[in-house]
Amino acid sequence: MKNRIGLVVGCILIMLWCLLPVAWIISLSFKSETAITNGSPGFFPSDGGGAGWDNYRAVWDNEQFRRAIFNSIGISLIATLLSVIVATLAAYAIARLEFRGKKAVLTIALAIAMFPVVSLVGPLFDMWRAIGLYDTWPGLIIPYMSFTLPLAIWTLSAFFREIPWEMEQAAQVDGATSWQAFRKVIVPLAAPGVFTAAILTFFFAWNDFVFGISLTSTENARPIPASLSFFVGSDPFNRPASLLAAGAVIATIPIVVIVLIFQRKIVAGLTSGAVKG
Amino acid sequence: MTAPVKPAKAKPVASDRARAETRLGQKLVAPAIVLMLLVTAFPMLRALYLSTFDYALTAPDDRSFVGLSNYLTALTDPLFWQTTGVTVLYMVVTVAVELVIGFIFAMVMHRVIFARGVIRTSILIPYGIITVVSGFAWQFAFSFQNGFVNGWLPFVGDDFNWFGQTGSAVVAIMVSEIWKTTPFMSLLLLAGLAQVSEDMIEAAKVDGATWTQRLTKVILPNMRAAIMVAVLFRALDAYRIFDNIFVMTAGAVKTESISFLTYRQTIEQFQLGMGSALSVLLFLSVLVVAFAIVKLFRVDLAQARQES
């Protein structure tokens, strides 16, 4: 009995921990700009200090913000797609084939996952300007791909190891061609893993900030996190907290939707690559 | 339906076949390797080269070779050591707090039978949220004009300015960092907990071990690999702390981390030579941290991470 109460309290604490700041930023996004300028220290909008949907409308009418959302969605999706294709090839090779250099691949991937991103920004900034990739979509897609590859390769190879590959031969014995065997047996088994890797890759690209602020200078390619940090409203001396909060909420929606739909897969993906004895 | 055929996992008999397999394997991993090295190894070598120049983008024609003097300047500057100190402080405190809270969360999630989906979904929300957004959320929460923190905490005045001095500003940044990354830690620990055999815990219980004894003698030793991996990954991540500082204080009141200093030199002040030297130093210090943790805890990465 005592245990049960402890668990319930624990669960409530976890939920509070996870959701309180989210509730706070949502509440902030509904405060009016005048309330913010005058100071509004309460958790919820005070009487008459609410703004309804005004902040959301204002943010959405902002051309730069819309561009940034569009950039983020485009860049993250392309980087995810390409990174997952490349990682699938590599993970398949690691999980199924014996070849020289296999250890080296895993070591390189591990080293890159630990790499301090900022220390690459200077040289990349210089190189990208020299070859014309600075402030373009590919200029962000390429670094995102290389930095999401380690995670994607680990997750995928962990998944691929679990696939009973003998089933492919069994299908062939039963008269399927090798392509049919691969498509009908292996692809459905591998798909969840590929999908998980894609979600995690998308999270990384969507969250990136360092590349976003260093390798872009205009709204050509600036993604949403960078754009939010440079966001100034009509009054450049007063950070428009409530507008920013509305922007932040909009930028969070895609992630929350993905989490709601795929939570089981994400947990499996995060842990399967990491802690396999 | 035939009985599952179990051909012995093709141990290469013919060396021709082994060579073909090697070729195929290398061909399949080549794109990944090329991409990873293109954006890391090549720029790193370039940073090494640039770091020996006095080279500012604002005056590209004045570029001159200065040997190791950029490193000397950095290493003798108190600012460099101060940012390194703050960075280590961020790393040690956040990882320690996260380990404790993350472990408690993992224990709760491991035992709980009801509302599993809801809890897992909520714990993924901080993980998924953009760091910049969580930085803003916490910055506004700690703001004395528009935040609720001062009102909720009994021991600080309502007009206490958290971002006015180093100590409290560092605390605010750490809170944001801890909030955002504890879920990651607790998920890794949860996976570790799942691998501790229930039978052993039951056996200890039958033998009359107290809860504390079961925790320290059975559960924790069996989770060693998981704990080490979680600590290593979070520590290296925390050492690179950047986003939260950028958003919350922009490096003011000595909250600057070594990543932030590097960024400021390179991108804001266009000092590519000096920035590159700092990049190399940052990279080397990450290696030192990684090496220290691996040695200290004797983590066998290959075993914990991949090669079963």
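**Surface, fold and nonpolar core of the predicted model**

The accessible surface of chain B amounts to about 14200 Å², and carbon and sulfur atoms contribute 66% of this area. These values, like those below, were computed from a predicted model. Of the 308 residues in chain B, 54% are classed as buried.

The secondary structure of chain B consists of 15 helices and two strands. Its radius of gyration is 25 Å, whereas the globule rule gives 19 Å for 308 residues; because the value is well over that figure, chain B is more spread out than a compact globule. Along its principal axes, the C-alpha trace of chain B spans about 75 × 70 × 35 Å.

In soluble globular proteins, nonpolar side chains tend to be buried together. In the present model, the largest nonpolar core comprises 193 residues. The residues with the most contacts inside this core are A:F211, A:I224, A:L228, A:I266 and B:F242. Helix α12 of chain A, covering residues 241-272, supplies the largest share of the core, with 15 residues.

The surroundings of A:L228 illustrate how residues of both chains meet in this region. Leaving aside residues up to four places away in sequence, A:L228 touches A:F65, A:L244, A:G247, A:A248 and A:A251 in chain A, together with B:V132, B:V133 and B:F136 in chain B.

Methods:
Residues numbered from 1 in each chain as written. Chains lettered and ligands numbered in written order. Predicted model: local features only at pLDDT ≥ 70, side-chain atom pairs only at ≥ 80, totals over all residues. Heavy atoms only, no water. Helix = DSSP H or I, 4+ residues; strand = E, 2+ residues; numbered from the N terminus. Rg over C-alpha atoms; globule rule 2.2 N^0.38 Å. Buried < 20%, exposed > 50% of the residue type's maximum accessible area, 1.4 Å probe, protein only. Areas by Shrake-Rupley, 256 points an atom, 1.4 Å probe, with all protein chains shown as cover. Core = buried A, V, L, I, M, F, W, Y, C linked by side-chain atoms within 4.5 Å. Contact = heavy atoms within 4.5 Å.
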